[in-house]
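User: Take me through the strand pairing and the annotated spans here. Give me the criteria too.

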Amino acid sequence: MLKSALRSRWATLAVLALMIAIVPLIAPSAFYLRVAALVWIFALAALGLTILMGYAGQVSLGHAGFLGIGAYGVAIGPTHLGLSPLLSLILAAALSGVIAYVVGRPILRLKGYYLAIATLGFGLILALIFQSESAVTGGPDGMAVARLTVFGWRIAGAMQWYWVSAGVLLLGAWIALNIADSPSGRALRALHDSEVAAAGAGVDVAAKKLAAFVAAAIYAAIAGGLLACMNGLITPDAASFMHSVEFVAMVIIGGLGSVLGAVVGAAFLIVLPQALTSLQEYEQAVLGLLIMVFMIALPMGIVPSLRNWLTERLA
Amino acid sequence: MSLLSVSDLGISFGGVVAVDGVGFSVSPGEVFSIIGPNGAGKTTLFNLVTGIYRPQRGDVRLAGQSLIGLSPHLLVRRGMARTFQNLQIFFRMTTIENVMVGRHLAERSSFLSDLLGLPHVARQNRLTRDAAFALLERVGLAAHADANAGSLPYGALKRLEIARALAAEPKVLLLDEPAAGCNAIETEAIDALIVEIARAGTAVVLIEHDMKLVMKISDRILVLAQGRPLAEGTPRTIRDDPAVIAAYLGDHGSREADRAHG
């Protein structure tokens with residue numbers, strides 16, 4: 001009974017909601033709320049990778065590219081096209097999905113390392129475009145982003161952004177959990193283990209992979225749009241290769257395929273560098289060391305390892 | 001009236017002829033076995049029939065319609081399912097989820113309704129689960145429904161693959177060495193299962209090395225040697241065919257066959 005409760009999607013959502021509710025109570029200043037909002041936003045992008053990598057087993061090293069599409073979408077829409085920031089965000093998310101659909105068709109025929117390298121190339125191209133198309137994107141200096149207004153409500157301040165990002169993350173988590181336990185989700189998890197057997201069961205492997213790729217791209221774009229609006233500024237760094245690698249690290253450290261894992265992984269990689277700043281020049285080294293220690297101690301990732309430990313205790 | 005008819009199938013890889021001029025036909029309710037020494041082209045023949053390889057010549061027809069050029073996931077739609085020689089289990093999923101994937105074609109839902117978690121998705125999940133559970137009962141794995149598939153013993157995984165293939169409600173079921181690596185008791189269980197599947201009206205095509213099993217449950221047998229058909233007939237005629245004995249069965253095999261037929 002408890003075992004199955006631990007696995008249910010409502011339990012996952014409840015734990016996430018609890019985390020979201022507790023942070024404002026213990027956060028000593030607005031700075032901490034801002035860091036937490038960053039965690040929720042990056043967790044949203046990581047959730048996209050959970051669907052693509054965790055469920056379907058397809059590696060992407062270009063995820064930050066899609067984040068960039070969302071971020072530059074909300075910057076370019078109001079500045080150059082006179083669109084409202086909210087409409088720009090929605091259009092950017094849709095555009096990201098369309099680009100993923102077009103690029104995904106040829107790319108997703110590749111497997112493993114080859115797919116990783118192809119997505120890497122795609123991410124690099126996007127980063128290059130953001131960097132060099134100065135007339136539209138502001139070049140390496142980036143561009144200012146208009147405040148996000150939703151039905152007349154102008155979102156500003158750490159507290160408001162905290163709740164907005166948390167709300168969108170909850171919605172994203174709910175959707176990711178819905179997929180996991182559905183015909184589509186089973187098809188994705190099946191092709192992760194054996195494409196030939198999934199096809200043998202009637203799964204249109206290419207179409208399902210593409211759907212996961214598009215979903216991941218939309219998650220990343222929405223996260224990118226929120227990030228840009230919250231910061232009021234976007235630079236090409238957001239779409240950099242390093243960020244793509246960070247997203248992969250988030251879903252693996254947290255626990256591949258686990259929704260809560262994506263959130264914990266994002267928290268790990270965003271909060272730790274902040275906490276380690278007092279170490280100054282040793283910060284990166286200690287962070288790297290901690291990542292290694294966690295992966296060696298919890299090779300399945302933090303959340304699945306914890307869940308196994310808990311279920312064994314309760315059994 | 002034959003359900004599956006394969007004619008003059010051939011393929012070569014880089015000049016090496018793997019399958020050459022093989023044809024056979026199978027009727028509903030029949031167990032048709034393909035035997036032959038290692039490297040005779042049995043699995044290649046399966047891969048040609050199930051669309052994993054595209055044949056360079058010949059035709060595969062199911063209920064009169066050609067299957068050539070259809071990708072594997074469309075073959076299931078036409079009523080053909082298979083198992084694999086080297087297990088292709090979804091190891092990250094539970095036992096019952098493996099079979100639920102086999103119900104994929106029977107499931108009515110779209111990606112969009114799945115991600116919104118609409119009520120009919122939950123209904124569909126229940127229907128799929130019930131159907132999968134019934135199949136697990138049929139192959140004797142119901143007790144392990146919620147166990148991780150990776151934790152099951154080898155013989156159970158072989159039966160799990162059969163259950164997953166049956167979940168698609170195929171008209172033709174191709175089994176690639178379902179008893180390989182199984183102990184005597186596991187083989188017995190698979191033997192009974194195959195007979196029961198055929199009795200229910202499914203055409204079964206079987207590749208198997210266990211001669212005792214083949215001789216006991218086959219209606220007809222095709223012997224392959226070096227990619228070519230060597231002989232075809234009932235277990236009795238195959239067992240007595242001097243060419244087959246020389247090429248494949250040898251003394252040991254024909255003794256086994258004798259024993260099986262008592």
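This is a predicted model: local features need pLDDT of at least 70, side-chain atom pairs count only at pLDDT 80 or more; totals for chains, interfaces and linings use all residues.

User: Why are S4(B) and S5(B) called paired?

Analyst: Two strands pair if DSSP finds at least two bridges between them. S4(B) (residues 57–62) and S5(B) have two bridges, so they pair, in the antiparallel sense. Leu62(B) stands opposite Gln65(B) in S5(B).

User: What makes residues 65–66 of chain B a strand?

Analyst: Strands are DSSP runs of E, at least two residues; helices are H or I, at least four, and both are numbered from the N terminus. S5 of chain B covers 65–66, so that run qualifies.

User: Which strands does S1(B) join, and through how many bridges?

Analyst: Seven bridges link S1 (residues 4–13) of chain B to S2(B), antiparallel. Ile11(B) has Val19(B) as its bridge partner there. Five antiparallel bridges link S1(B) to S4(B), with Ser7(B) opposite Asp59(B).

User: Why are S2 and S5 of chain B edge strands?

Analyst: The open sheet runs S2-S1-S4-S5 in chain B. S2 (16–26) and S5 each pair on one side only.

User: How do you know that residues 113–130 of chain A are helical?

Analyst: The span is 100% helix and 0% strand, with its end C-alpha atoms 26 Å apart. UniProt's unreviewed entry lists this span among the "transmembrane region" features of chain A; positions follow the numbering used here, feature names are shortened, and annotations may be inferred rather than shown by experiment.

Notes. Residues are numbered from 1 along each chain as its sequence is written. Chains are lettered from A and ligands numbered from 1 in the order in which they are written.
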